[in-house]
Amino acid sequence: MAQQKKKKNTLSQEEINRYTRNFWKLLIGLILLGFLFIFSVGMGLFGKLPTFRDLENPKSNLASEVISDDGVVLGTYFVQNRSNVRYDQLSPHLVQALIATEDKRFYRHSGIDYRRTFTIIFHNLIGNRQGASTITQQLALNLFSEGRARSTGKRIIQKFQEWITAVRLERNYTKEEIITMYFNTVDFGAYNTYGIKSAARTYFNTTPDKLDVKQAALLVGMLKGPGIYSPVRYPQNAIRRRNVVIESMRRGGFVTREESLRLQKEPIVLDMRISNYGEGLAPYFRAVMKREIQREFSEMSITKADGTPWDLDRDGLRIYTTINSKMQLYAEEAQQEWMKTVQASFDKQWKSRDPFRGEKAKLLETGMKRSDRYRVLKQAGKSDAEIKKEFDTPVAMTIFTWEGNKDTLMTPMDSIRYNKLILRNSFMSMEPHTGYVRAWVGGINFEHYKYDQVKTGTRQVGSTAKPFTYAVAIDNGYSPCFQVPNVPLTVGSGAYAWTPRGENKAGSPITLRKALANSQNFATAYMINEVGATPVAALTKRMGITSDVPEYPSIALGAYEASVYDMVGAYSAFVNHGVWIEPTYILRIEDKNGMPIYEKAPRVTKVLNGESAYVMVDMLKRVVSEGSGGRIRWRYNLTNPIGGKTGTTNDNADAWFIGITPELVSGVWTGAEDRGISFASMAEGQGAQAALPVFALYMQKVYADTSLHYSKEDFPLPPGGLTRELDCSQYDPFPGVETEKLDDRLGF
């Protein structure tokens, strides 16, 4: 019986052979199935894998950088705030921290670390969960997937996709390139921070090449979990994770034991610099330029190779501009310094008076109806009474002040009143001989007031228009020493009759030079009556004024609107011997690989005789040396050759100053949001007081910076020299005119 049982439990040779064959069949089948599965994954049956072309050009949302003429990144356009760096721009500590923590065998595998993978499988089976992804696999996940899958089945498929992509990456890129791509694609979780360049700036206000061991370890440590290891929200977690990375670096031989112990005891020191569109230099300029680029690309059909349009927020373009970062900073500083003073004076004049009484109450109603709050309430079906009640109910808000943002409780209607009494200011500076715009300040605070007043906005130009009338006269043979009557007069007749206002006192005949220097209205009106409004309007348009300039005599005194951008461009033609060059602020645009896709060619036009332009420069210099711009000399001590023109509009609503030097032309405008809100007196609201100081402060800073290389030499003579006599003592005021006939001519 026992022998029968034993025999029954013993496998026959035939059974052993059968089991062996089945085992090998199963094993080979599983291997074949595995190969078939991997082949299917590679063929994209479980989801599209990146092609060779994709590997050569990995897709990611790259911020486009706006770069100044002196190589400074002024700001970025982005959906994800990500900018690429090169390997040589990475701190060695970053590379060491990453390899020591994430992939010790990085330089010894080809995308997949098989030894580590099988070791990790064993650890996970015994409950010690660990990750097995190499740096290359993590890069594959960052570049070519929508993130880590949540379900187990999808994650298994995704893991095989990572393996295949990792191997392909290793075949196409060097180890240094893989490290660089990895750091360029990682997500740091908060503050729209993508890539190491953005992270270094956000958390330490520095660049990746300058990160020390502690900083590098903290940023690499965050990659395991940007949320739970955030140094802002969870500083203790961040310190513990940083120290783990530092200890890994010690074990990897990158730091000594003594360094590791010392560094782990030190606290986290952050220097936060959170990026947004308005942060950085020249925010108004960048906003205007973005719209300009989009328009140009559309009109010129500039697209990618596949015909799709370029996306400034995602395609990582490099936009090279003419802006000089130092001069931009000086312009912004000059504006802030002076506008604080002007605003304090403006507030004082309205302290005991209501600027919105009578007809001006409509300004508040208009402001209310233009607000986002009003539109939302209207769309919600609220009645006018309900909306009025909402606007009279205090709410928490943040308002602008020259001392910084202020949190307060205020009714929306009071906030409209408050903001309409905040003075605005804009400034632009350009080189007249190149057309290059060097500084652009479109407003006082981009966070609160986003409307650009350099190019987008136009305001009445006042007396800054007078040189165009005098230029026509000079170009038609009049001498700057020619004397004209300085008495009230009416130009035209009937419905077209125009009598200029006379803030200036009437007096005896005055030379054209002195009339411009002292901004005399009567003399200027006399001259446009002599030369005609049509030629003046035509010259004004040729000199780059793109807004409407009607052919009426009143344009002599600036009874039209123009932008600071256009006015600076026009005055540059005087300095550039009568040649107008379109103000230029874009040099070229490159794609993320450095291939040029756009280059700006400015328009150039001869608009005025070179000698006539030089005579106008001489007359504009007299505005500073003996006229309305004199405070440039006696208050700001700028003694080098400078000319310019002040401008003040009716009721002191707009203050202007356009300043010229041999190498720079700059324009300033100051005023409230609405022309109905203005300075109470000419003393405070004239261009010489409310606008000129910004120019003067800016020029002081520019000349003090010797690295900018702007000389203090005089304006050069026109080509061919000067044939006209500019010394008025050499002239008979009215050659060929007898005294008694002179009285009749002047109407005395």
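Biologist: At about what angle to E18 does helix H24 (residues 610-626) run?
Modeller: Helices (H or I, at least four residues) and strands (E, at least two) are DSSP runs, numbered from the N terminus. Axes are lines fitted to C-alpha atoms, for helices over the stretch in contact, and angles run from 0 to 180 degrees between N-to-C directions. Contact means heavy atoms within 4.5 Å. H24 lies across E18 and E19, and its angle to E18 is about 65 degrees.

Biologist: What kind of model is this, and which pLDDT do local features need?
Modeller: Residues are numbered from 1 along each chain as its sequence is written, and side-chain values use heavy atoms, with hydrogens and water left out. This is a predicted model, in which totals for chains, interfaces and linings use all residues, side-chain atom pairs count only at pLDDT 80 or more, and local features need pLDDT of at least 70.

Biologist: Which strands stand at the edges of the open sheet of five strands?
Modeller: The order is E9-E8-E20-E19-E18, with antiparallel pairing. Two strands pair if DSSP finds at least two bridges between them. Each edge strand has a single partner, so one side of each is left without a neighbour in the sheet. The edge strands are E9 (437-441) and E18 (643-648).

Biologist: By how many degrees are neighbouring strands of this sheet turned against each other on average?
Modeller: The strands of this sheet pair in the antiparallel sense. Direction is ignored here, and the average is 5 degrees.

Biologist: Which residue in E19 stands opposite Gly644?
Modeller: E18 and E19 (residues 654-660) are antiparallel partners, joined over six bridges. Opposite Gly644 stands Gly659.

Biologist: Which residue in the turn of the E6 and E7 hairpin has a positive phi?
Modeller: E6 (residues 395-399) and E7 (residues 406-410) pair in the antiparallel sense over five bridges. Met397 faces Thr408 across that pairing. Six residues lie between the two strands, and phi is about 120 degrees at Gly404.

Biologist: How many of the nine residues of H9 are buried?
Modeller: Buried means under 20% relative accessible area, exposed over 50%, partly exposed in between (1.4 Å probe, protein chains only). Among the buried residues are Ile196, Tyr203 and Phe204. They pack against strand E3 (81-82), helix H4 (92-102), helix H8 (175-185), strand E4 (193-194) and H10. H9 is largely enclosed by the rest of the structure because the number of buried residues is seven.

Biologist: Is His577 buried or exposed?
Modeller: The loop between helix H23 (564-575) and strand E14 (579-581) holds His577. Phi of His577 is positive, about 55 degrees, although this residue is not a glycine. At a relative accessible area of 15%, His577 is buried.

Biologist: How far from the backbone oxygen of Leu312 is a polar atom of the side chain of Ser64?
Modeller: Ser64 lies in strand E1 (residues 64-67) and is buried, at 0% relative accessibility. Its contacts, leaving aside neighbours within four places in sequence, include Tyr77, Asp311 and Ile319. The side chain of Ser64 also reaches the backbone nitrogen of Leu317 at 2.9 Å. For Leu312, the distance is 2.6 Å.

Biologist: How many salt bridges does a search of the whole structure find?
Modeller: A salt bridge is a side-chain nitrogen of Lys or Arg within 4 Å of a carboxyl oxygen of Asp or Glu. One of them joins Glu359 and Lys362, with the closest N and O atoms 3.2 Å apart. The search finds 39.

Biologist: Which residues do salt bridges that share partners join into one network?
Modeller: Asp392 and Lys388 form a salt bridge, their closest N and O atoms 2.6 Å apart. Asp392 is partly exposed, at 38%, and Lys388 is partly exposed, at 41%. The network joins Glu292, Arg295, Glu296, Glu299 and Lys455.

Note on methods. A polar contact is a pair of N or O atoms within 3.5 Å; within protein, one must be able to donate a hydrogen and the other to accept it, and residues adjacent in sequence count only if both atoms are side-chain atoms.
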